[in-house]
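Hi there,

Here is the structure I promised to pass on to you. Please open it beside this email, and then read on for what turned up in it.

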Amino acid sequence: QKWMSKFKPAHSLSQPEFAGSILSIDDRQPPFEYAKGKRVWFYNGIDLGSEAFTVWVYGTSKEGIIDDFYRQLVRNYVGWGLNLPAELEGEMSLNSKFLNTFLREGSLFQHVRIEANNARGKRIEAYYGQLRYGLEKSRVGWIARPFAEREANQAGPRQVPLVPYEDIIAGCLQDIQTWNNMEHSKIKGKSRWEVFLERQHPDLKPIQWRAFLPHLGYKTETRCNLGTIKFNNQQYLLGQDGKLAFSDRLISLMEQVEGREVDVYWLDGNDGQVLKALVYLRGTDRYICDAILKPSYTRARIEQTPQDEAARTDMSKYVMSVQGFINSRKSEIERVTVIDNRPRTLNNRFKIDMPVRASRSMPSYEDADAEVEVLDEPQEDMMYSNGFNTSLKDRF
């Protein structure tokens, strides 16, 4: 880094005019210790157009912090009702595992620039310096760099006290809050946060959930029954683009997942509720549909609001569509005759002694092989004696 600063010319780049144009991200350790030789890890993202910090996560180590960072990035922007930034710039070490998934250009971000060993390539580094010496320096326990260029920033002779972990986190979050509420460096009379909300670029694209959730979302294995999927102790229905599916569209989805096992990838918001849930066939990368929280409404008609009426209408349409699917499957089943040849008993160990019959000439039902008595042929005279062989006139 020292060699590049002395011998490698730098590009001259102007600051973006719009918020959301580019997000610069990097990790850092605030200059405070909660134990001897131990400092907190932060991973932050700053919007270069507005100069506002929009993402921040922290922990005692780097382990898993990058996964939490991207989850929190999506949570924050969805919570604010904004699209994700168009471009991302960051360092290679923690982001390398995502280069072939959602960090490919055109996937989660329209443009991505990830560089290794290039502090100049991340504009956030300059803002970290302002945060360190402009806000953090005044807090108790601040640790100076041992070889700072400015004498005012060099370490003094006094002993630096340790700061409890919770106090370090609270102080860092307070500094981010103060930073975002400070005046923008170029747009006077506006705070950085106001610029961020008011000057979003008009060409930002919606979040590409399918590029993100299968890699960093939480996974639940479940199944679909009667168009209903259960996970997180709640019921979800089938839909697309955040809306329930009805009629032929719902029937088409049920033909793919009804009665089958599925994988649901989902992400919760800052309020703990599910932001988005995608349904895939179990063990495959085949996306089927969205999982939409089942609408509910109050039972009492007098208390129902327009939202309750809309929920009741949607559920009625959904139920009718599911019934249509069931009826269509029922009509396809051909009539069959089932012949049950299974024996009714397991064995013949139990017997009942039958009473002695009056006539042994008739075999009992138990004696299946008993010989049947054959009667002699009647004599011809006997056949005619009953009159059946006489004429009608004579019988009359």
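Is Tyr-34 buried, partly exposed or exposed? Buried would need a relative accessible area under 20%, and exposed would need over 50%. Tyr-34 has 24%, so the residue counts as partly exposed. Please keep in mind that this is a predicted model.

**The chain as a whole**

The protein chain has 396 residues, and 38% of them count as buried. The accessible surface comes to about 26,100 Å², with carbon and sulfur atoms supplying 50% of it. If you take the contacts between residues at least 6 apart in sequence, 62% of them join residues at least 24 apart.

**Aromatic pairs**

Back to the rings. The count of aromatic pairs comes to 22. One of them is made by Tyr-34 and Tyr-165, with 5.5 Å from centre to centre and 85 degrees between the planes, which is an edge-to-face arrangement. The two partners come from distant parts of the chain: Tyr-34 sits in strand β2 (residues 33-35) and Tyr-165 in helix α5, 131 residues apart. Tyr-165 has a relative accessible area of 22%, so this residue is partly exposed.

Another pair to look at is Trp-80 with Trp-193. Their ring centres are 4.9 Å apart and the planes make an angle of 75 degrees, so this pair is edge-to-face. An angle over 60 degrees is what that label requires. Here too, distant parts of the chain are linked: Trp-80 lies in the loop between α2 and β6 (87-91), Trp-193 belongs to helix α6 (residues 192-198), and 113 residues separate them. Trp-80 is partly exposed at 30% relative accessible area, and Trp-193 is partly exposed at 21%.

There is also a cluster held together by ring pairs, made up of Tyr-43, Phe-69, Tyr-70, Phe-98, Phe-102 and Phe-212.

Asp-67 is placed in helix α2 (residues 65-79).

Now try Asp-241, in the loop between β10 (234-240) and β11 (243-244). Is Asp-241 buried or exposed? With a relative accessibility of 71%, Asp-241 counts as exposed. Asp-241 and Cys-289 are 48 residues apart in sequence, while their C-alpha atoms are 8.6 Å apart in space.

**The cavity**

How many cavities of 30 Å³ or more are there? The count gives one. About 50 Å³ of space lies in the largest cavity. Its lining is formed by Arg-28, Pro-30, Phe-42, Asn-44, Leu-131, Glu-136, Cys-172, Asp-175 and Ile-176. Sorted by class, that lining has five nonpolar residues, one polar residue and three charged ones.

Which elements supply at least two residues each to this lining? They are β4 (41-47) and α5 (165-181). Helix α5 gives the most, with three residues.

**Two backbone angles**

One last thing to check is the backbone. Most residues other than glycine have a negative phi. Leu-226 is not a glycine, yet its phi is positive, near 55 degrees. Leu-226 lies in the loop between β8 (218-225) and β9 (228-231), and it counts as exposed at 53% relative accessibility.

Asn-232 is another residue with a positive phi, about 55 degrees, although it is not a glycine. You can find Asn-232 in the loop between β9 and β10. Its relative accessible area is 35%, so Asn-232 is partly exposed.

Enjoy looking around, and write back with any questions!

Best wishes

How values were computed. Residues numbered from 1 in each chain as written. Predicted model: local features only at pLDDT ≥ 70, side-chain atom pairs only at ≥ 80, totals over all residues. Heavy atoms only, no water. Buried < 20%, exposed > 50% of the residue type's maximum accessible area, 1.4 Å probe, protein only. Contact = heavy atoms within 4.5 Å. Areas by Shrake-Rupley, 256 points an atom, 1.4 Å probe, with all protein chains shown as cover. 1 Å grid on protein atoms, 1.4 Å probe; cavity = no way out; pocket = protein on both sides within 12 Å on 5 of 7 lines; lining within 4 Å. Points joined across faces, edges and corners; volume = space filled by probe spheres on them. Helix = DSSP H or I, 4+ residues; strand = E, 2+ residues; numbered from the N terminus. Nonpolar A, V, L, I, M, F, W, Y, C, P; charged D, E, K, R; others polar. Phe/Tyr/Trp six-rings, centres within 6.5 Å; stacked < 30°, edge-to-face > 60°.
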